[in-house]
Amino acid sequence: MSTLDLILALGGAAALLAAILPEYLDRRAVSLPLVYLLAGVLLFALPIGLPEPDPIAHRTALEHITELCVVISLMGAGLAINRRTGARGWSTTWRLLALGMPLTVAGVAAAALALPGWPIAAALLLGAVLAPTDPVLASDVHVGEPVDAQNADDEVRFALTSEAGLNDGLAFPIVYAAIAVAAGTAGWAGEWALVDVLYRTAAGAVLGLLIGRLLGRLFFRARSDGLRLSERRDGFVALACTFLAYGVTELAQGYGFVAVFVTACAIRSAEHGHGYNNVLHGFVEQIERLLTAWLLLLLGGFVATGGLAALTWRGAAVGLLLLLVIRPLAGWLVQWGGPAGPRERLAISFFGIRGIGSLFYLAYALGQADFGVPAEELWAVTGFTVVASVVLHGVTATPAMTHVDAIRDRMSAS
């Protein structure tokens, strides 16, 4: 039996299930990512000759695959948001990004220093890797699809979607700081602040806005019928927008993750209620679901083939502290006095889902420097945290969001 034939067969089956399962699992206390994770564990535990998914041996391939999955997910997140960008309407988002994310990084880094006793570079890297909420695995708590009403997004889904859309890119400066510390670069702080923090963030935001506005004008207002793509139903154009924004921004040394999300938001705002937004979003969502299914099968295989063998109880404790204490506490504190009600604040702070973005950042960083901790241990802690997040949030998302929706409906009716 050919290994390639087996992989193609399993990949096709996974893709088919990615189309079938969402409707079947709707309103059930089991998420699609959890199903694929468990399926990956079972598949790779069988003696059928599947190659071992080793993130160290295949680091470069993993980096690029996860990178692709994240950027596609960011485009989908930006296209789905119905609320227009603003200081007041996005108040919760700015709080989570400007205050919640640094607090989370600091909390994780402190835990990594205190428990497994890692060097500062590795502890800072783990904080950067695990701090961003994931735009890929959080479909159960994210905004669903584009609709006409600008007030259609409830505070919980909007906050988690917009936070995930931006903090994947904003984690990069911290990753670069960890790399500089690990490399022992002298006098790195000044260049880091000017280039990695200010320039690259600004370049991502500005180029994303410019590209998004140009594409929005082209799609919806071009004088030529042939250029006005909104008159057709070519959903693959969403991939063109994603790759264009990401590639141009990365060539300019900006943060492509930031640019892709900003581009998507700008395209959406060009003609807020136009049906072409749904076409673009629907296509991106399908590609994202497909890539997510395959990556989660591999993550399950990583667990089944001994990927967590290097995990110590101290490393596991860091991951659990993040999910159960650090993120919920930081998320709750930074929302104090904000627009979200008490139950909404609790949901927003709890559902800081970790996922594919964490795998990308770790794969990227390990290709740049030696952090003084075995790569197997770094992968074990990160993999464990992502798996724990998929399980914990996968079984609680539907009941929690149903409860939040019911409370909001009762308040609206009263």
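On a 1 Å grid over the protein atoms alone, a pocket is an open set of points where a 1.4 Å probe fits, with protein on both sides within 12 Å along at least five of seven lines. This is a predicted model: local features need pLDDT of at least 70, side-chain atom pairs count only at pLDDT 80 or more, and totals for chains, interfaces and linings use all residues. Residues are numbered from 1 along each chain as its sequence is written, and side-chain values use heavy atoms, without hydrogens or water.

**Second largest pocket**

- Its volume is about 770 Å³, counted as the space filled by probe spheres set on the grid points, which are joined across faces, edges and corners.
- The lining has 26 residues (each with an atom within 4 Å of a point). Closest to the centre are Phe44, Pro53, Trp294, Leu297 and Leu298.
- Two or more lining residues come from each of α1 (3-25), α2 (32-45), α3 (59-80), α11 (276-304) and α15 (375-413). Helices here are DSSP runs (H or I, at least four residues), numbered from the N terminus.
- α11 gives the largest share, seven residues.
- By class, the lining holds 21 nonpolar, three polar and two charged residues. Nonpolar means Ala, Val, Leu, Ile, Met, Phe, Trp, Tyr, Cys and Pro; charged means Asp, Glu, Lys and Arg; the others, Gly among them, are polar.

**α1 against α2**

- The axes come within 10 Å and cross at roughly 145°. Axes are lines fitted to C-alpha atoms over the stretch in contact, and angles run from 0 to 180 degrees between N-to-C directions.
- α1 passes α2 in a right-handed crossing (the near helix is turned clockwise from the far one by less than a right angle).
- Contact means heavy atoms within 4.5 Å. α1 contributes Leu10, Ala14, Leu17, Ala18, Leu21, Pro22 and Leu25; α2 contributes Leu32, Val35, Tyr36 and Leu43.
- This contact has 11 nonpolar, no polar and no charged residues.

**α3 against α14**

- α3 packs on α14 (residues 356-366) at about 140°, with axes 8 Å apart.
- The contact residues divide into nine nonpolar, two polar and three charged.
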